[in-house]
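Here's a quick tour of a two-part question: how are the pieces folded, and how do they meet? Have a look first.

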Amino acid sequence: MIPEYLLRALLASIMVSVLLGMLSPLINTKGLAFLTHALFHALLFGAVLGMIFGLLFENLALVMLTALIVTVTIVLLIAHLEKLGFSPDSAVGIVASFVAGLTVLGFGVLYKVMATRPYFPLGESIVSYLTGDIFLISLNSLTVLVLGGAFLFFVMLFLYRDFLYLSFDPEGMESYGGNVRAYLMVLYVLVGAIGTLIVQTVGLITLQVVAVLPGAIALMVSSDLRKVIGVSLLLTLGIQLSSVVLAYLTDIPPSGLATIMLGVIYGVLLFRR
Amino acid sequence: MNPEMAMRVIKAENLTITYDGKPALEGVNFSLDEGETLLLLGPNGAGKTTLLRTIACFHREYRGKLEVFGKEPCGARELIGYVPQSHSLNERVPLTALEVVAMGGIYRYGFAHFKIPRETLMKAEEVLGFVGLGHVKDRLFRELSGGQKQRVLLARALMSDPRLLLLDEPLSALDPSARAEVAGVLNKIKRERGITMVITTHDINPLLEVGDRVMLINKRLIAFGRPEEVLQDSVIKSVYGPLARVIPVEGKLFCITGDVHIHRHGGGGL
C-alpha cells in the first residue's frame, strides 16, 4: 500500500515534470537562464510578502497569490526594461538586485510580524520555499498545481512554435506581422507563473538547475525539435519520480537528489563530447 | 518599365536618422521606383543598416521626410519583406528550412500557431523551390551552407508576397560561389517577380548586374544615381581613400576600393 503523501508527491512530480520538461528547451533556446535567476529573487520576495499578508490577515492562501502577483509583476518589469532598450542581462541585474534588497527588508518585517503571532507556524513555509518539500504537499495545493499546471501547459503548447520563432529571429517575426512584445510578455508570465506554481515542490535553491538542465541536456543529445522536447520531458519525469522514490527510501530531500542527478548526467555528456 | 508609369516606392527628402538625438546618417535625398533595385554601398559604420532598418520601421528616430509607398514606413509594413544578416539569427533553435520559410507566412492571422496551416506549408515548399532549395526543406537551418541559409531567408521574405525587399548584407561571409548563387536568386526575383529591392553590401561585385541605382554613403549621402554615374574615381576616392580606383575594361567598370574589394559593372569578379 502506497502512503497517501507519497502518492501526492508522485502526482505532483508528474505535473512538475510536464511543465519543466516543456519549458526547459525554451529557456535554453531563448537564453532565459538568467531570467530564472531573477525569478529566484522575485519568488522569495513574493513569498516573504505573502507570508506577511498571510499572518496579518490569518490566511495562508495569500502566500501563493502574493508570490504569483509579485513574480509576474517583476518579470513583466524586466520585459518592459528590455523593450526600453536595456540588454536582458542589465534588465535582470537591475531588477534582481533591487528585489534582493526588498527581500532582506521583507524578512525584517516578517520576523517582527511573526513575533506578534507566535501561534501561527510559518517557519516551515519559509524553509519549504527554499528547499522544496514535495512530501508535505496538501490535497488543496496538489489540486491548484494540477489545474493551474494544466492551464499553463496548454497555453505553452499552443504558443510553442511562436516562442521558437521568437527565439530564432524576433526582428523577422516583427517584420512579418508578429507582435514580438506580446509573445515575450506571455513567455515571461508563463515562466513566472510556472515558477510560482512549482516552487514549493522544487525549491527556490534548485529551481534554476531543474529548469535549465533538462533542456540543455536534450539539446545536447538531439537536434530534432520533437526529440528535444521528448528527451526533456522524459528526462525530467524520470529524474523527478526517481528522486521522490529515493528520497522516500533515504530521507534525503528530493530536490537535492534531482539536482545532483541532472548535474551528473550533464557533466558526463559534456565530458564525452 | 515606363518611368512615367512606375510607382514611387521610396522617397526620402532631407532625411536625418538619429540615435538618442545624435545623427547617424544625415541629409539623405533619393527616390526609388517600383521594380528598381538599389545597391547601398559604404564602409563599415557608414549608416547602411541604419537606413535599411529605418525603411523597415525597426528604427523610428528620424527627421525629414521618408515615405514608403506614399506612407510612413510603419504604415507600409505589410508590403515589405526584410532579410536580416544570417549571423544575427539564433541558430540554437532547432528549426528546419521549411519551418523557417513558413514563419514568413503565418503572422498575417492568428496569435497562436501550434500547427502550420497546410496552405502555408504548400506555399513554403513552392518558394523554397523557387530559390532552388526544395531538396533541403527538412534539413535543419543551422546545418545548411551560408549561401543556402541566405536563400532560405530570401524564400521566407517572399512568403508574404512583398512589393519591397530589404536585404541587409546578403553576401557577407559567403565564399565566391555562394555569392554567385545568392546573386543569381536576386536576379531571378527581379526578373520574374519584379520586386523592388534595397540591398546593402560591401561587395558590390556580384550584384551590379541586378542594380539599377547605386547609393554611396558615409554618415551622409555621397552619391546616388545609375551605377556608371556613381562608380567614378573621384566619388569612390572620397569614401575609400586615394588608393581606390574605378577602371573601365571592355566597356565595363571595375571598382577597386581600399578594402581590397574589386567591383565590376556587369557582374563577375576581377
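What follows goes through the model piece by piece.

## Ground rules

This is a predicted model, in which local features need pLDDT of at least 70 and side-chain atom pairs count only at pLDDT 80 or more, while totals for chains, interfaces and linings use all residues. Residues are numbered from 1 along each chain as its sequence is written, and chains are lettered from A and ligands numbered from 1 in the order in which they are written.

## Chain A overall

Chain A has twelve helices and zero strands (helices are DSSP runs of H or I with at least four residues, strands runs of E with at least two, numbered from the N terminus). Its C-alpha trace spans about 60 × 50 × 35 Å along the principal axes.

The radius of gyration of chain A is 19 Å, which agrees with the value near 19 Å for a compact globule of 273 residues (taken over C-alpha atoms; the rule is 2.2 Å times the number of residues to the power 0.38).

## A helix pair in chain A

Helix α3 (residues 61-83) of chain A packs against α9 (residues 180-202) of chain A at about 150°, axes 9 Å apart (axes are lines fitted to C-alpha atoms over the stretch in contact, and angles run from 0 to 180 degrees between N-to-C directions). That makes α3(A) and α9(A) roughly antiparallel (angles over 145 degrees count as such).

Among the residues making the contact are M64(A), L68(A) and V75(A) of α3(A), with L184(A), Y188(A) and G192(A) from α9(A) (contact means C-beta atoms, placed from the backbone, within 7 Å). By class, the contact residues are 14 nonpolar, four polar and two charged (Ala, Val, Leu, Ile, Met, Phe, Trp, Tyr, Cys and Pro are nonpolar, Asp, Glu, Lys and Arg charged, and the others, Gly among them, polar).

## The sheet in chain B

Over in chain B, three strands form an open antiparallel sheet in the order β2-β1-β4 (strands pair if DSSP finds at least two bridges between them). The edges are β2 (22-33) and β4 (62-68) of chain B, each pairing on one side only. Neighbouring strands of this sheet are turned by 15° on average, direction ignored.

Strand β1 (residues 8-19) of chain B is joined to β2(B) by eight bridges. L15(B) sits opposite V28(B) in β2(B).

## Where the chains meet

Here 23 residues of chain A are in contact with 20 residues of chain B. On the side of chain A, α7(A) gives the largest share, seven residues. That side has eleven nonpolar, seven polar and five charged residues.

Technical notes. Parallel < 35°, antiparallel > 145°, perpendicular 65-115°, else oblique. Contact = placed C-beta atoms within 7 Å.
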